[in-house]
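Q: I am new to this structure. Could you take me through its salt bridges and its backbone?

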Amino acid sequence: RITAMTAANPVVATVANHGFETSSRVVVEGVRGGTDTWSQANGEAVITVVDEDTFELGTLDGRTFLPPVLDLTAARVRLVDPYRLATISAVPAFDEDTTGPMIDVMAS
């Protein structure tokens, strides 16, 4: 559970004993507050670990996030599944003309 976030550049999140490593990809969910500017903290980010309880959220600049109060009652963070299959946007077509000549390896 996220217990604090800074309006800094980059945003720093506090999660007690998070166990993450620098360059981990995480998903942040449930952050609200400040006429909804804090909702920009939701989504995927590559993090930099500061210590066992805090980490930076990628390049997210929170200096423009507005008060009043940051609402973290439903905020949470989780690792992105490292085994998730990537989406393939395009697969090159196989061109039969570029296979080259066939060689008969059984010739005597």
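This is a predicted model: local features need pLDDT of at least 70, side-chain atom pairs count only at pLDDT 80 or more; totals for chains, interfaces and linings use all residues.

Q: How many salt bridges does a search of the whole structure find?
A: The search finds five. A salt bridge here is a side-chain nitrogen of Lys or Arg within 4 Å of a carboxyl oxygen of Asp or Glu.

Q: Which residue does Glu44 meet in a salt bridge?
A: Glu44 meets Arg25, at 3.4 Å from N to O. Glu44 lies in strand β5 (residues 43-51) and Arg25 in strand β3 (residues 25-29), so the bridge ties together parts that are 19 residues apart in sequence. Strands (E, at least two residues) are DSSP runs, numbered from the N terminus.

Q: What about Arg76, which residue is its partner?
A: Arg76 forms a salt bridge with Glu29, and their closest N and O atoms are 3.3 Å apart. This pair links distant parts of the chain, with Arg76 in strand β8 (residues 76-79) and Glu29 in strand β3, 47 residues apart.

Q: Where does Arg32 come in?
A: Arg32 forms a salt bridge with Asp71, the closest N and O atoms being 2.8 Å apart. Here strand β4 (residues 32-33) holds Arg32 and strand β7 (residues 70-71) holds Asp71, 39 residues away in the chain.

Q: Which residues are joined into one network?
A: Glu29, Arg76 and Arg78 are joined by salt bridges that share partners.

Q: Changing topic: which peptide bond is cis?
A: The bond from Asn9 to Pro10 is cis, with omega near 0°. Pro10 sits in the loop between β1 (4-5) and β2 (12-14).

Q: Why point that out?
A: Most peptide bonds are trans, and most residues other than glycine have a negative phi.

Q: What is the phi of Asn17, then?
A: Phi of Asn17 is near 50°, a positive value in a residue other than glycine. Asn17 lies in the loop between β2 and β3 and is exposed, at 58% relative accessibility.

Q: And where is Ser23?
A: Ser23 is in the loop between β2 and β3. Ser23 has a positive phi of about 80° and counts as exposed at 55% relative accessibility.

Notes:
Residues are numbered from 1 along each chain as its sequence is written. Side-chain values use heavy atoms; hydrogens and water are left out. Helices (H or I, at least four residues) and strands (E, at least two) are DSSP runs, numbered from the N terminus. Buried means under 20% relative accessible area, exposed over 50%, partly exposed in between (1.4 Å probe, protein chains only).
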